Amino acid sequence: QVQLVESGGGLVQAGGSLRLSCAASGSIFSITNMGWYRQAPGKQRELVARLTSGGSTNYADSVKGRFTISRDNDKNTVYLQMNSLKPEDTAVYYCNAMVVLTTSPVQFRYWGQGTQVTVSS
């Protein structure tokens, strides 16, 4: 009943910037947490950034100071502003959300389809 649609990925040169967006839609009562993960070829998926409904944030050490996560509660959308991109940032980026449905007080985790980010050097 809930879908996450991601956009904003692409090809950028090292030092450039990209802004990723992920919009949640469906039978949503509330979203408690939203975050971004990434997975590069041959590597495990890792947390990039996470934002709680209370405004707390967590960043991977590798992106701290370069990436910023934000959220528009009215649109149920989470953003990831990526600055000073490096080739090692190349990966498929996935958004996720912990959602409370209108039909249940239980939280469920939903994932987006992923968007490719490629940083050239």
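The legends below describe close-up views of a predicted model.

Residues are numbered from 1 along each chain as its sequence is written, and side-chain values use heavy atoms, with hydrogens and water left out. Because the model is predicted, local features need pLDDT of at least 70 and side-chain atom pairs count only at pLDDT 80 or more, whereas totals for chains, interfaces and linings use all residues.

**View 1. Salt bridges joining Arg38, Glu46, Arg66 and Asp89.** The structure holds 4 salt bridges, a salt bridge being a side-chain nitrogen of Lys or Arg within 4 Å of a carboxyl oxygen of Asp or Glu. Asp89 and Arg66 form one of them, with their closest N and O atoms 2.8 Å apart. Asp89 lies in the loop between strand 8 (77-82) and strand 9 (91-101), and Arg66 in the loop between strand 6 (57-59) and strand 7 (67-72), so this pair ties together parts that are 23 residues apart in sequence. Between Glu46 and Arg38, the closest N and O atoms are 2.7 Å apart. Asp89 and Arg66 are both buried, where buried means under 20% relative accessible area, exposed over 50% and partly exposed in between (1.4 Å probe, protein chains only). Arg38 counts as buried at 6% relative accessibility, while Glu46, at 34%, counts as partly exposed.

**View 2. The salt bridge between Lys64 and Asp61.** The closest N and O atoms of this pair are 3.4 Å apart. Lys64 counts as exposed at 51% relative accessibility. Asp61 is exposed as well, with a relative accessible area of 68%.

**View 3. Arginine charges over tyrosine rings.** A charge sits over a ring if NZ of Lys or CZ of Arg is within 6 Å of the ring centre and within 35 degrees of the ring normal. The charged end of Arg19 lies over the ring of Tyr79, 4.0 Å from the ring centre. Over the ring of Tyr37 sits the charged end of Arg45, 5.2 Å from the centre.

**View 4. Strand 9 and its pairing partners.** Strands are DSSP runs (E, at least two residues), numbered from the N terminus, and two strands pair if DSSP finds at least two bridges between them. Strand 9 runs antiparallel to strand 4 (residues 28-39), and 10 bridges join the two; in strand 9, Asn96 is the bridge partner of Gly35. With strand 10 (residues 107-111), strand 9 pairs in the antiparallel sense over 5 bridges, and Val100 has Gln107 as its bridge partner there. These two strands form a hairpin with 5 residues between them. Strand 11 (residues 115-120) also runs antiparallel to strand 9, through 3 bridges, with Val117 as the bridge partner of Ala91. Strand 9 is mostly covered, 9 of its 11 residues being buried.

View 5. Thr32 is buried, with a relative accessible area of 18%. Its side chain makes a polar contact of 3.4 Å with the side chain of Gln107. A polar contact is a pair of N or O atoms within 3.5 Å; within protein, one must be able to donate a hydrogen and the other to accept it, and residues adjacent in sequence count only if both atoms are side-chain atoms. Not counting residues up to four places away in sequence, Thr32 touches Leu51, Thr52, Ser53, Arg71, Met98, Val100 and Gln107, contact meaning heavy atoms within 4.5 Å.

**View 6. Thr90 in the loop between strand 8 and strand 9.** Thr90 is partly exposed, with a relative accessible area of 22%. A polar atom of the Thr90 side chain lies 2.9 Å from the backbone oxygen of Pro87. Leaving aside neighbours within four places in sequence, Thr90 is in contact with Ala40, Gln116, Val117, Thr118 and Val119. The C-alpha atoms of Thr90 and Leu47, 43 residues apart along the chain, are separated by 14 Å.

**View 7. Positive phi at Asn76 and Ser84.** Most residues other than glycine have a negative phi. Asn76, in the loop between strand 7 and strand 8, has a positive phi near 50°. Asn76 is partly exposed, at a relative accessible area of 22%. Ser84 has a positive phi of about 50° and is found in the loop between strand 8 and strand 9. Ser84 is partly exposed, with a relative accessible area of 42%.

Notes: Helices (H or I, at least four residues) and strands (E, at least two) are DSSP runs, numbered from the N terminus.
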